[in-house]
Amino acid sequence: MGGLIYQLKSVRKDKFCIMSFLLPLIVAFILNFIGAIDFSTLSEFHFGVIQDNLSAGAISWLERYGAVTEYKTQEDLIDAVNDPSTNFIGVEADSNGIKTMLSGDEMDIWRQTADTLPALYRDYENAEEIRVTILERPDPMEGFQNIFIAATLIVAMFMGCTFNAMNIIEEKESGVALVNEILPMTHSQYIIQKIFVGFVCGGLSAIVTACICFRLSFQSALFMLALIILSAFVAALIGLFIGEFAENLMVGVVYIKVVLIIFIAVPLLSYLLGADGFALIFCNLIPSNATFEGIMSLASGTEQIITKDILILMAHCLVWFLLYLTIAKWKKKNK
């Protein structure tokens, strides 16, 4: 028990670990705040017209597609269209209906709209006879927000890896590791001490992050808890490997960054590219891939494949734990 208390005191002194613990929480608050912002107006078209140049019917027709701003003179309209900070379509009356005006630096969708608008206006009287069904516009941030949340949770779970690796490396550099070797402490007690704090802190950071980002049912919350516990345990185990093999602090930091990049990049690529077959099997060799899939399934409300992800993580826990025991015994025997 005294060893665990000592490890907990080490967390307070390690700014790197404190930052790893708090950063996912800060990102979670930011993502939660962004999710409350309405981005629908950003995709709305903006038209500029000259006063008394277009008929009331034409202006009413334009307002169906976006906001309409009236200007007193043509020069004012041209200045508004040429403003580099806006995507603005100028509309003027023409002998055949209307004509559009662009500055040339607009996005492609605005250019296509400007090219199509005169033809649409010529046929709008016939279009009045067509029955129109307006579909609900999906939230453009919803899919990306879930991806960001899943990546943030993986970083939170990774805190255990960071702490364990940094703690072991610092003990080796300060000579504490040599003292540990002569203490009356079994190898299993040593492993428990090293895993416990990183596992608990990483799991706690991920749980708080999940509570901020998700509103889950009781069953989904249990699935999420299982994913967090297993993922945090695997991350803590990998931290032991990094601590054992890193010669010094700088090498350890490089190893941690490389592993973190792999933990985030592999599941992102697998999800975005729709990996299946052999590619999916290869991706599942990285523990975070199953975690990412499970989080995305819970975020979308589908829980069918959560059991598979949990089984994959359980297999990772067992394999990584047995591998660490084997390597540790081999190193002790050689010494």
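**View 1. The open sheet has four strands in the order β2-β1-β3-β4, with mixed pairing.** β2 and β4 (97-101) sit at the edges with a single partner strand each, so one side of each has no neighbour in the sheet. From one strand to the next, the twist averages 35°. Strands here are DSSP runs of E, at least two residues, and helices are runs of H or I, at least four residues, numbered from the N terminus. Two strands count as paired if DSSP finds at least two bridges between them. This is a predicted model, where local features need pLDDT of at least 70 and side-chain atom pairs count only at pLDDT 80 or more, while totals for chains, interfaces and linings use all residues. Residues are numbered from 1 along each chain as its sequence is written, and side-chain values use heavy atoms, with hydrogens and water left out.

**View 2. Here's β1 (residues 45-50) with its partner strands.** β1 is mostly covered, with five of its six residues buried (under 20% relative accessible area; over 50% is exposed, and in between is partly exposed, using a 1.4 Å probe and protein chains only). β2 (residues 66-71) runs parallel to β1, joined to that strand by six bridges; look for V49, whose bridge partner in β2 is E70. β3 (residues 89-94) also pairs with β1 in the parallel sense, over two bridges, and here F47 stands opposite I89.

**View 3. β1, helix α3 (residues 56-62) and β2 make a right-handed β-α-β unit.** Right-handed means that, with the strands pointing away from the viewer, the path from the first strand over the helix to the second runs clockwise.

View 4. Contact means heavy atoms within 4.5 Å; axes are lines fitted to C-alpha atoms, for helices over the stretch in contact, and angles run from 0 to 180 degrees between N-to-C directions.

**View 5. E293 and K308 form a salt bridge.** The closest N and O atoms of E293 and K308 are 3.5 Å apart. E293 belongs to helix α14 (residues 287-300) and K308 to helix α15 (residues 306-334), 15 residues apart. E293 counts as buried at 15% relative accessibility, whereas K308, at 34%, counts as partly exposed.

Note on methods
A salt bridge is a side-chain nitrogen of Lys or Arg within 4 Å of a carboxyl oxygen of Asp or Glu.
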